[in-house]
Amino acid sequence: MGLKVFGFKGGVHPLHRKEGTQDKAVERMQAPKLVYIPLQQHIGAPCEPLVKPGDRVKLGQKIGQPKGFVGAPVHASVSGVVKEIRQVPHPAMGQGLAVVIENDGMDEPDESIAPKNLESLGVEELRDLILEAGIVGMGGAAFPTHVKLSPPKDRKIDTVILNGAECEPYLTADHRLMVENPQDVVDGLKAIMKVLGVERGYIAIEDNKPDAIRAISDAVKSVPGAKVVQLKTKYPQGAEKQLIYAVTGRQVPSGGLPMDVGVVVNNVGTGGGVAQPKNLLVRIGTTFRDVIDACGGLVGQPAKVISGGPMMGIAQYTLDVPVIKGTSGILVLTKQEAETPEPGPCIRCGRCVEACPMGLMPLFISAYALKGDYDNSERLHAMDCIECGCCSYICPAKRPLVQSVRTAKRVITERRRRAAAN
Amino acid sequence: MEPLIVSSSPHVYSKDTTARIMLDVVLALLPAAAAGVYFFGGRAALIMVISVLSAVMTEAIVQKLMKKPVTISDWSAVVTGLMLAFNLPPTVPLWLPVVGSAIAIALVKQAFGGLGHNFMNPALAARAILLAAWPVYMTTWADPIHGAMGAVNAAASADAVSSATPLAILKGLEGTQEQLPPLWSIIVGGTRGCLGETSDLALLLGAAYLLWRRVISWRIPFSFISTVALLTWVLGPQGLFTGNAIYHIFSGGLILGAFYMATDYSSSPVTPKGQIIMGIGCGIITSIIRLYGGYPEGVTYSILLMNVAAPLIDRFTMPRIYGEVRADV
Ligand code: SF4
Ligand code: SF4
């Protein structure tokens with residue numbers, strides 16, 4: 001293909017480990033008996049529940065209404081009866097209020113989810129639709145998509161980038177989505193371009209996914225102004241800032257990957273932890289335990305269960321957490337894979353500096369942070385860290401770099417908040 | 001079910017470890033070590049073994065005394081011991097490497113906090129101290145027992161002669177090339193000099209391995225060597241552009257110093273730009289000492305001087321932060 005391959009500065013090349021699932025077609029997982037739908041799916045304020053125990057809900061019915069602008073509504077992923085509303089383990093926040101629905105297995109759809117024709121919709125209508133549909137970006141924070149699509153008036157946006165770079169090792173769900181449903185992806189781009197009124201749209205895909213590039217390139221021909229950009233396979237190519245730089249050489253707000261209402265494409269893959277790694281279409285609210293059972297169950301003792309990928313994912317303390325909108329994958333690591341190495345002294349090899357996609361000096365930020373000298377961490381731009389984990393991954397001395405930078409960021413944020421309050 | 005491990009991301013790590021990197025350096029030094037034994041005989045092997053053993057033992061003893069965990073299994077003391085031996089003439093008395101290793105490990109490395117905290121290359125700092133304390137031992141060279149192409153050098157034995165190295169000849173009689181050993185013998189090995197610097201070919205072989213393994217980057221060696229080449233060519237003895245750059249590159253300790261010494265992690269800058277500055281700085285100082293200084297060789301001192309400057313260089317070459325010009329947020 002005559003496409004130019006784009007990249008960014010820094011980064012690392014972890015083993016992909018995608019062999020387990022990259023050729024596995026997406027399967028629809030049978031909806032479980034019970035779903036636990038957290039009222040807080042992403043950053044921002046939690047939703048107010050719109051239903052109460054005993055209510056009957058339909059598939060796709062809105063069950064939670066956001067309080068602020070940075071929030072997206074929550075919908076029922078099955079039809080059935082609301083059993084209770086209570087605290088459940090949450091994959092990103094430890095605990096959270098959730099609506100527990102007993103599935104009646106009928107999948108009776110709510111009136112609101114009738115398919116609409118993209119061409120016939122106006123810009124405002126489309127934006128409201130995205131808002132109502134509760135679509136969120138798949139970045140770690142699951143930022144609500146409609147927020148990104150409502151830029152302040154004084155910011156001129158001329159480019160939309162659809163992020164098809166799935167750089168985390170093990171994960172292949174986006175990859176499969178692009179191969180199997182390229183038209184959906186292209187329609188998503190079309191919708192975003194329309195809402196934002198921009199002429200130029202890119203779908204960025206890493207060059208180790210030639211089948212996805214082919215499928216999308218074909219589908220995208222129908223959209224004027226849109227094209228596929230090939231990216232170098234490198235972590236964290238999918239990180240927003242790195243992606244934007246690679247594609248346009250500058251910084252622009254970008255759009256997220258839109259998703260269907262109430263379901264996410266979910267990926268369960270691992271070397272040893274799960275019997276049959278799969279790409280599954282999972283109802284939101286399904287517990288990790290149910291998903292893993294659908295993959296043939298656990299092999300031996302799981303040592304670590306991660307929501308997301310191995311570079312940025314969050315380790316879970318129980319299998320009873322439900323899948324939420326931002327869950328890009330579930331990873332089960334065996335004891336051997338989960339081993340956290342003993343840190344040694346920094347040998348000043350400079351690898352972390354070279355790997356940092358933000359151009360930071362992780363070794364120094366971390367050294368100051370570990371000494372409690374957060375002023376100096378801040379001076380060295382600790383707040384610019386995107387927590388991609390490249391530094392910790394690459395460090396031969398296995399220093400807890402991103403871990404300590406994270407601590408520094410927390411302390412600095414807290415200080416700033418307090419300073420602002422005074 | 002056993003409790004799940006909960007730790008913050010990342011959950012995977014690269015296979016590279018400190019010990020693996022140090023082992024790679026030892027492996028890379030083996031061809032040059034073999035060349036040293038080939039050209040200078042069994043005594044060279046003896047010096048290397050003594051140097052490595054005393055480095056490792058010093059590390060263990062010092063760490064025991066300081067009640068720190070003993071980390072001799074990370075191979076870093078082996079690297080230091082071998083590097084020191086490489087920087088000794090093959091004629092030194094056998095107690096000299098013992099003293100040198102003790103200085104390198106106890107004084108230069110452990111006294112400053114151990115691995116990663118020494119601000120000078122331990123082996124080079126020890127060499128400089130030995131040179132000041134025992135100048136005669138440190139500058140008595142031997143003729144190699146083999147020629148570059150394998151011919152046995154009948155006249156030579158391991159007997160010490162205080163004859164000149166190619167660099168000394170270059171310095172005194174530059175331009176009269178007849179006096180110099182042929183270029184290929186300088187590159188392949190078999191001219192007088194320190195144990196480890198005799199065969200550039202063997203050193204480059206190891207350097208290629210280190211570059212391939214990404215243990216070192218091209219930045220310091222390339223900028224170091226090209227600066228020396230440029231300066232020694234431009235500032236020639238018969239006026240501008242008459243210098244013998246090729247001889248300068250392959251004589252003495254430049255290849256050893258540029259690829260193995262100046263690239264020492266602890267004592268060189270961590271920023272990519274800083275590393276280039278380090279190389280250029282080393283190149284300038286080496287050239288000045290070689291061309292105008294009192295010693296024929298300047299590699300050791302140039303690296304030590306730039307070691308001292310490394311923290312400062314780091315501070316002034318911080319990488320550009322992504323998004324310093326910000327469009328959103
Ligand atoms: S310092 Fe932050 S941005 Fe840089 S590599 Fe580490 S985690 Fe990534
Ligand atoms: S990668 Fe690790 S050992 Fe190397 S400089 Fe960074 S913190 Fe130090």
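1. How many residues does the hairpin have that joins E8(A) to E9(A)? In this predicted model, the hairpin that leads from E8(A) to E9(A) passes through three residues. The two strands that it connects, E8 (residues 80-90) and E9 (residues 94-103), pair with each other in the antiparallel sense over 10 bridges. Within this pairing, A:Val82 has A:Ile101 of E9(A) standing opposite.

2. E3(A) is joined to E9(A) by five bridges in the antiparallel sense, and here A:Pro38 has A:Ala98 of E9(A) as its bridge partner.

3. At the level of the whole chain, the domain assignment divides chain A into domain 1 (1-29 + 114-339), domain 2 (30-113) and domain 3 (351-421). The centres of domain 2 and domain 3 of chain A, taken over C-alpha atoms, are separated by 36 Å.

4. Ligand 1 sits in the second largest cavity. There are 13 residues around ligand 1, of which A:Cys356, A:Cys385, A:Cys388, A:Gly389 and A:Cys391 come nearest. By residue class, the shell around ligand 1 consists of 11 nonpolar residues, one polar and one charged.

5. Ligand 2 likewise has 13 residues around it, and those that come nearest are A:Cys346, A:Cys349, A:Gly350, A:Cys352 and A:Cys395. The shell around ligand 2 divides into nine nonpolar residues, one polar and three charged.

6. Is A:Asp375 buried or exposed? This residue lies in helix H11 (residues 374-379) of chain A, and A:Asp375 counts as exposed because its relative accessibility is 52%, where the cut-off for that class is over 50%. A:Asp375 is 10 residues away from A:Ile365 in sequence, and the C-alpha atoms of the two residues lie 9.9 Å apart in space.

Technical notes:
Residues numbered from 1 in each chain as written. Chains lettered and ligands numbered in written order. Predicted model: local features only at pLDDT ≥ 70, side-chain atom pairs only at ≥ 80, totals over all residues. Heavy atoms only, no water. Pairing = 2+ DSSP bridges. Helix = DSSP H or I, 4+ residues; strand = E, 2+ residues; numbered from the N terminus. Near = heavy atom within 4 Å. 1 Å grid on protein atoms, 1.4 Å probe; cavity = no way out; pocket = protein on both sides within 12 Å on 5 of 7 lines; lining within 4 Å. Sits in = over half its atoms within 2 Å of the grid points. Nonpolar A, V, L, I, M, F, W, Y, C, P; charged D, E, K, R; others polar. Domains from an automatic or database assignment. Buried < 20%, exposed > 50% of the residue type's maximum accessible area, 1.4 Å probe, protein only.
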